[in-house]
Amino acid sequence: MNYYKKFLISSLLILFVSCQSPTPPKHTANAFYYWKSTVQLSDKERITINNNHTSKLYVKFFDVDWQQTPVPKAIVHFQDSLLVKSCQIVPVIYVTNRTLLNANVAQTDTLAKQIHQKINQLAQKYFIHFDEIQLDCDWSPKSQRKYFRLLSEIKKLFRADLTLSATIRLHQIKYADQTGIPPVDRGML
């Protein structure tokens, strides 16, 4: 009889655990980065996007580099209007670490305003509606304070429901106690 009770209890336990409602799957969307200054998809790129049911493209809008002051470089030019209609475009801004190392706090605040203005200008020019922007920077412990301030200032300038994301490199994760965690809504590895 003891064996029967153990079997019954085990069976009920397995049945109870297996009948629990599963956690709903997280919604994921396929996405790619597009890092060329001229956006014009090749046939192969278009097929890849279609075959992978890609709904989002992270497109580098421009770089910010240091030339006595922060300067936008390699500004995007869309030649593929179908892409804008078929995929959600996420503007990505690459900021060089030397820009942050050389800029003072006032220049960092001005840079946030210039980035905001340039993104909006390009989005208007190419009829792009965006719900997210991303900053890409290989920040270091020496530039961390200015970079995090730049991110915070950019977040203040855009509408409240906009997602601000940042790229995060493996060494920034490994040494997070030194490099810090950026003040963004989402990080991309």
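I counted 13 salt bridges, taking as a salt bridge a side-chain nitrogen of Lys or Arg within 4 Å of a carboxyl oxygen of Asp or Glu. I note that the model is predicted: local features need pLDDT of at least 70, side-chain atom pairs count only at pLDDT 80 or more, and totals for chains, interfaces and linings use all residues. Residues are numbered from 1 along each chain as its sequence is written, and side-chain values use heavy atoms, with hydrogens and water left out.

**Entry on Lys60 and Asp63**

I looked up Lys60 and found a salt bridge with Asp63, whose closest N and O atoms are 3.4 Å apart. For burial I used relative accessible area: buried is under 20%, exposed is over 50%, and partly exposed lies in between (1.4 Å probe, protein chains only). Lys60 is buried at 3%, and Asp63 is buried at 18%.

**Entry on Arg186 and Glu132**

I then turned to Arg186, which forms a salt bridge with Glu132 at 2.8 Å from N to O. Arg186 belongs to strand 9 (residues 186-188) and Glu132 to strand 7 (residues 132-136), so the pair ties together parts that are 54 residues apart in sequence. I took helices (H or I, at least four residues) and strands (E, at least two) as DSSP runs, numbered from the N terminus. Arg186 is partly exposed, with 32% relative accessibility, whereas Glu132 is buried at 3%. I also recorded a network of salt bridges that links Lys56, Glu132 and Arg186.

**Entry on Asp138 and Arg169**

I found a salt bridge between the side chains of Asp138 and Arg169, with an N to O distance of 3.9 Å. This pair links distant parts of the chain, 31 residues apart: Asp138 is in the loop between strand 7 and helix 6 (144-157), and Arg169 is in the loop between strand 8 (163-167) and helix 7 (170-174). Asp138 is partly exposed at 32% relative accessibility, and Arg169 is partly exposed at 24%.

**Entry on Val92**

Which residues is Val92 in contact with, leaving aside its neighbours within four places in sequence? I listed Tyr33, Trp35, Tyr58, Val59, Lys60, Phe61, Phe62, Gln134 and Asp136, where contact means heavy atoms within 4.5 Å. Val92 itself lies in strand 6 (residues 88-95) and is buried, at 0% relative accessibility. I noted that the C-alpha atoms of Val92 and Phe62 are separated by 7.4 Å, although the two residues are 30 residues apart along the chain. Lys60, listed here as a contact of Val92, is the residue that I had found in a salt bridge with Asp63.
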